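Please look at the model below before reading on. My comments follow as numbered points.

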Amino acid sequence: MTYFVTGGSGFIGSHLVEKLLKEGHSVINIDNFDDFYDYKVKIQNTLESLGKNIEFEFSNKENDIQNLISISKSDNYTLYFQDIRDKSGLEKIFTNHKINQVIHLAALAGVRPSIERPLEYEEVNIRGTMNLWELCNQFSIKKFVCASSSSVYGNNEKTPFSETDNVDYPISPYAATKKSGEILGHVYHSLYNIDMIQLRFFTVYGPRQRPDLAIHKFTKLISENKEIPFYGDGNTARDYTYIDDIIDGIIKSIKYLENNTNIYEILNLGESEVVNLNKMLSTLENLLGKSAIKKNLPMQPGDVQKTSADITKAQDLIGYNPTTNFQNGTKIFVEWFLRK
């Protein structure tokens with residue numbers, strides 16, 4: 001099978017690419033190496049996902065990405081430096097490959113930045129995604145897995161969060177774009193028979209985690225004896241989900257779509273293990289053998305108080321079965337971080 005993966009050089013995407021290649025599939029990876037964080041991180045992600053243990057010589061962004069494209073190309077893997085907002089560029093890629101399924105992970109991420117740049121989030125997360133659906137219709141690609149987010153639940157008072165809960169009250173532009181993607185996805189399913197699963201990810205962590213996310217950021221700052229920004233009283237809580245469990249859920253969604261028709265589903269992919277900020281921090285302190293230097297700050301606009309996933313539907317429909325608890329997952333992450 002040939003899979004078209006957007007954001008395949010990012011955190012989740014690079015792990016998915018690695019898994020698909022190990023299973024013997026072909027992968028087309030498109031990524032725009034956005035400046036949201038250092039592009040060098042994504043280059044390393046890409047090399048790790050391909051099992052290439054080489055010393056990469058960095059010079060400047062454009063040359064480095066072109067070099068990466070060259071050294072990574074193989075019979076079953078092609079990387080494109082491509083923005084999903086550029087429909088004509090995407091169309092050329094669709095024309096050059098026979099694609100069996102699209103797995104759309106690319107997005108402009110981050111709750112807090114979306115409050116500062118809402119129109120850019122609309123361009124990427126809504127218009128960019130619609131470009132992909134338009135091309136799927138044009139090229140008769142009928143299978144589509146799409147990354148949504150637990151942020152669509154907002155400050156839902158009922159826990160754990162279920163796919164049947166009302167999600168009409170997002171509290172950030174990022175969350176609103178993800179909710180819009182779910183709605184528009186149903187339109188394309190209804191009009192053009194594109195089988196689709198929308199996956200609501202719950203706070204994914206593990207090796208290659210984005211450097212802006214709390215576990216990675218805290219680990220780095222604690223190890224460097226620097227202050228960590230600590231928002232609120234530490235009682236905000238997240239359903240932390242280890243990367244291998246998320247990849248398992250994506251792979252099972254892909255296979256479910258391949259074996260079934262007339263599908264439009266929304267699934268929670270979480271761990272059903274809620275950990276508050278205080279416990280997360282103390283776990284990292286214990287693993288690093290260092291105490292954090294906290295800079296206490298007020299809660300930020302757009303941040304939700306708690307996320308908690310009801311994963312019953314994913315368990316029943318695709319056989320999703322998370323197996324990595326928070327203690328073990330953070331231990332693996334810290335060991336990876338210290339090896340870098």
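Predicted model: local features only at pLDDT ≥ 70, side-chain atom pairs only at ≥ 80, totals over all residues.

1. Residues are numbered from 1 along each chain as its sequence is written, and side-chain values use heavy atoms, with hydrogens and water left out.

2. Helix α6 (residues 118-138) and helix α7 (residues 173-192) have axes that come within 10 Å and cross at roughly 15°. That makes α6 roughly parallel to α7 (angles under 35 degrees count as such). The crossing of α6 and α7 is right-handed.

3. On the α6 side, the residues that meet α7 include Tyr 121, Ile 126, Met 130 and Trp 133. Among those of α7 that meet α6 are Tyr 174, Leu 184, Tyr 188 and Tyr 192. Contact here means heavy atoms within 4.5 Å.

4. The second largest pocket has a volume of about 540 Å³. A pocket is an open set of points on a 1 Å grid over the protein atoms alone, where a 1.4 Å probe fits, with protein on both sides within 12 Å along at least five of seven lines; lining residues have an atom within 4 Å of a point.

5. The lining of this second largest pocket has 22 residues, with Gln 44, Asn 45, Glu 48, Trp 336 and Lys 340 nearest its centre. α2 (39-49), α8 (214-223) and α12 (326-339) each supply at least two lining residues. The largest share, 6 residues, comes from α2.

Notes:
Axes fitted to C-alpha atoms, helices over the stretch in contact; angles between N-to-C directions. Helix = DSSP H or I, 4+ residues; strand = E, 2+ residues; numbered from the N terminus. Parallel < 35°, antiparallel > 145°, perpendicular 65-115°, else oblique. Left-handed = near helix turned anticlockwise from the far one by under 90°. Points joined across faces, edges and corners; volume = space filled by probe spheres on them.
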